[in-house]
Amino acid sequence: MLKYSKIAGLIVFVFLFAMCNQKSKNEVDNETILKGSIDITVDETVKPIVDDQVAVFEGTYSDAKFTVKPKSEGELINDLLNQKAKVVITTRNLTKEEVAKFEKSKIKPRVTPFATDAIAFISNKGNNDTLIALKTVIDFMQGKPDARIKGLVFDNPNSSTVRYMKELAKVKDIPAKGVFSFKTNDEVIKFVSENDGMIGVVGVNWLSQPSPSMAGVVKKINVLSVKGLNSNQYYSPTQNDLAEEKYPLARDLFIVNCQGYSGLGMGFASFIAGDIGQRIVLKSGLLPVRSPGRKLIIRSQIVKDKE
């Protein structure tokens with residue numbers, strides 16, 4: 001009797017396994033580069049540009065549906081490595097160690113750069129000084145007090161901005177005193193707008209594309225010009241200074257696709273790095289990886305318009 005029970009159990013297991021595989025296969029079959037549904041996990045510091053790209057893609061291809069999930073960089077990378085996320089937007093490329101983990105699982109991530117973003121320092125409008133040296137901020141991160149900074153304000157302890165600044169300052173942890181963190185970039189902007197002497201550290205995308213509810217708040221802060229470690233000049237996180245590689249806190253944006261087949265992730269990556277996607281990046285205030293083309297009509301003679 002026990003023998004037959006084991007056999008019956010095995011049959012049920014095989015049946016359920018086959019059904020799950022069939023469901024997965026059907027999902028893949030129903031998805032192409034231009035249709036289907038997909039979750040995209042996004043670094044919270046660059047969510048506005050991704051929202052714009054998704055809106056245009058869905059408007060162009062009505063059979064494509066995206067769910068954008070903003071998370072901190074730490075959460076995003078963990079989800080990617082644990083295969084809980086298949087397509088992500090990051091502010092850095094994968095490390096050798098991360099690529100090696102994928103190779104062990106026989107997964108080959110497709111990494112596509114599509115823009116250059118920047119980390120911006122912001123202050124309250126009450127602060128008349130709109131210049132700051134990067135060394136001053138790094139010293140503060142290293143626990144060296146500075147009268148010009150009452151406090152540094154970050155979005156999230158696990159965010160890409162915190163990781164970036166910790167690497168620059170060569171510190172393992174952010175100081176316990178004088179450093180504050182919230183959950184989102186909007187919360188940082190609002191806090192800085194209401195508190196003199198605070199320096200906020202945010203993704204510039206949230207300043208160039210504020211939501212309607214934040215437009216008035218953004219007007220209450222200054223975006224500081226920054227002097228790099230090996231420079232005597234101050235530069236702003238503008239498209240021009242990013243293009244000329246003068247702004248010291250620039251970073252590249254990537255879409256990482258681990259779907260493993262020609263699905264919506266591949267279609268979105270092609271779109272975001274293509275002509276339309278790059279025009280969206282240009283309009284957002286960030287720097288596209290390639291300049292969108294412009295068509296010029298050259299005439300041999302001037303043709304007067306008809307009156």
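The following paragraphs lead the reader through the structure, from the whole chain to single residues.

The model is predicted, so local features need pLDDT of at least 70 and side-chain atom pairs count only at pLDDT 80 or more, while totals for chains, interfaces and linings use all residues. Residues are numbered from 1 along each chain as its sequence is written, and side-chain values use heavy atoms, with hydrogens and water left out.

The chain contains twelve helices and 13 strands. Here helices (H or I, at least four residues) and strands (E, at least two) are DSSP runs, numbered from the N terminus. Of the 307 residues in the chain, 43% are buried. A residue is called buried under 20% relative accessible area, exposed over 50%, and partly exposed in between, with a 1.4 Å probe and protein chains only. Contact means heavy atoms within 4.5 Å. Among contacts between residues at least 6 apart in sequence, 76% join residues at least 24 apart.

In soluble globular proteins, nonpolar side chains tend to be buried together. A nonpolar core is a set of buried Ala, Val, Leu, Ile, Met, Phe, Trp, Tyr and Cys residues joined through side-chain atoms within 4.5 Å. The largest such core in this model has 65 residues, and those with the most contacts inside it are Phe66, Phe121, Leu152, Met165 and Ile189. Strand 4 (residues 110-124) gives the most to this core, namely seven residues. Another core, of ten residues, lies apart from it and includes Leu76, Leu94, Ile107 and Cys258.

Phenylalanine 66 deserves a separate look. This residue is buried, at 11% relative accessible area. Not counting residues up to four places away in sequence, phenylalanine 66 touches Ile38, Ile40, Val54, Phe57, Glu58, Leu264 and Phe268. Helix 11 (residues 264-273) is mostly covered, with eight of its ten residues buried.

Aromatic rings can also be examined in pairs. Rings of Phe, Tyr and Trp (its six-membered ring) pair if their centres lie within 6.5 Å; planes under 30 degrees apart count as stacked, over 60 as edge-to-face and the rest as tilted. By this rule there are seven aromatic pairs. One of them joins phenylalanine 66 and phenylalanine 268, a tilted pair with 5.0 Å centre to centre and 50° between the planes. The two residues, in strand 2 (residues 64-71) and helix 11, are 202 residues apart, and their pair links distant parts of the chain. Phenylalanine 268 is buried, with 0% relative accessibility. Phe66 and Phe268 also belong to one aromatic cluster with Phe57, Tyr61 and Phe271.

Two packed helices are described by the angle between their axes and the distance between the axes. Axes are lines fitted to C-alpha atoms, for helices over the stretch in contact, and angles run from 0 to 180 degrees between N-to-C directions. Helix 5 (residues 134-141) and helix 6 (residues 160-169) pack at about 95°, with their axes 9 Å apart. They are therefore roughly perpendicular to each other, a term for angles of 65 to 115 degrees. Helix 5 contributes Leu134, Val137, Ile138 and Met141 to the contact, and helix 6 contributes Met165, Lys166, Leu168 and Ala169.

Finally, serine 284 is located in helix 12 (residues 275-284). Serine 284 is buried, at 2% relative accessible area.

Conventions. Parallel < 35°, antiparallel > 145°, perpendicular 65-115°, else oblique.
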